[in-house]
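Let us walk through this structure step by step. Begin with a single residue, then widen the view.

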Amino acid sequence: MAAARSVGTGVLAAYDGSAGVMVDTNIWVDCVDDGSAWQDWAVEQLQQCSERSPLHINIVIYAELLVPRPDVRALDALLDVYDTLRSALPWSCAALAAGAFSLYRQRGGARLRPMPDFYIGAHAAVANLSVLTRDPAGYASYFPRLKLLAP
């Protein structure tokens, strides 16, 4: 636990989440899923957030969105509706993601490799981004200083 804390402390010293909003995969899925109970909320949040600050996704989120149906044109069209920036994963998020994963393992996590949310949370942290998600538990647990926009 100390390893994750020491990594996060230095990287997040000036963090306030004000540089924009990292939009989690579940928000985009809810937007296009007419059967989602969260669709209206997700669309409303995207609209409100996009009016206040830039929206971001990274390659991890982009890849997750292509898994069910690899239609790059349709995905790009959706992202362009909200002028979403495609932000590269910064190298500086690697240590933070690894520290969060180490904490996950110390707490009894069984996976042997970091899950996508570790990279997404670390990216948001080092890029000073808030995270828009409907599933805040993991982010809050492993990146407690992240500004989360969630129901």
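Gln39 counts as buried because its relative accessibility is 16%. Buried means under 20% relative accessible area, exposed over 50%, and partly exposed in between, with a 1.4 Å probe and protein chains only. Gln39 sits in helix 3. Beyond its neighbours within four places in sequence, Gln39 is in contact with Asp30, Cys31, Val32, Asp33 and Asp34. Contact here means heavy atoms within 4.5 Å.

A word on the source. This is a predicted model, in which local features need pLDDT of at least 70 and side-chain atom pairs count only at pLDDT 80 or more, while totals for chains, interfaces and linings use all residues. Residues are numbered from 1 along each chain as its sequence is written, and side-chain values use heavy atoms, with hydrogens and water left out.

Now take the whole chain. The protein chain has 8 helices and 5 strands. Helices (H or I, at least four residues) and strands (E, at least two) are DSSP runs, numbered from the N terminus. From that end, the elements run α-β-α-α-β-α-α-β-α-α-β-α-β. The C-alpha trace spans about 40 × 30 × 25 Å along its principal axes. The radius of gyration of the protein chain is 15 Å, which agrees with the value near 15 Å for a compact globule of 151 residues. That radius is taken over C-alpha atoms, and the globule rule is 2.2 Å times the number of residues to the power 0.38. Of the 151 residues, 44% count as buried. Among contacts between residues at least 6 apart in sequence, 70% join residues at least 24 apart.

The 5 strands form an open sheet in the order 3-2-1-4-5, with parallel pairing. Its edge strands are strand 3 (85–86) and strand 5 (148–149), each pairing on one side only. Two strands pair if DSSP finds at least two bridges between them. Strand 4 (residues 130–132) and strand 5 run parallel, joined by 2 bridges. Val131 has Leu148 in strand 5 as its bridge partner.

Turn to helix 2. It is largely enclosed by the rest of the structure, because 6 of its 8 residues are buried. These are Thr25, Asn26, Ile27, Trp28, Asp30 and Cys31. Their cover includes strand 1, helix 3 (39–52), strand 2 (55–57), helix 4, helix 5 and strand 4.

Which elements give two or more residues to the lining of the largest pocket? First, its space: the largest pocket holds about 290 Å³. Its lining elements of that kind are helix 2 (25–32), helix 4 (59–66) and helix 5 (72–81). Among the lining residues are Trp28, Leu65, Arg69 and Leu78. On a 1 Å grid over the protein atoms alone, a pocket is an open set of points where a 1.4 Å probe fits, with protein on both sides within 12 Å along at least five of seven lines; lining residues have an atom within 4 Å of a point.

Helix 7 (residues 116–126) also has buried residues, including Phe118, Ile120 and His123. The buried residues of helix 7 pack against strand 1 (21–23), helix 4, helix 6 (93–106), strand 4 and helix 8 (137–142). Just after helix 7, Asn128 takes a positive phi of about 60°.

Finally, is Arg111 buried or exposed? Arg111 counts as exposed, at 52% relative accessibility. It lies in the loop between helix 6 and helix 7.

Terms used
Grid points are joined across faces, edges and corners, and a volume is the space filled by probe spheres set on the points.
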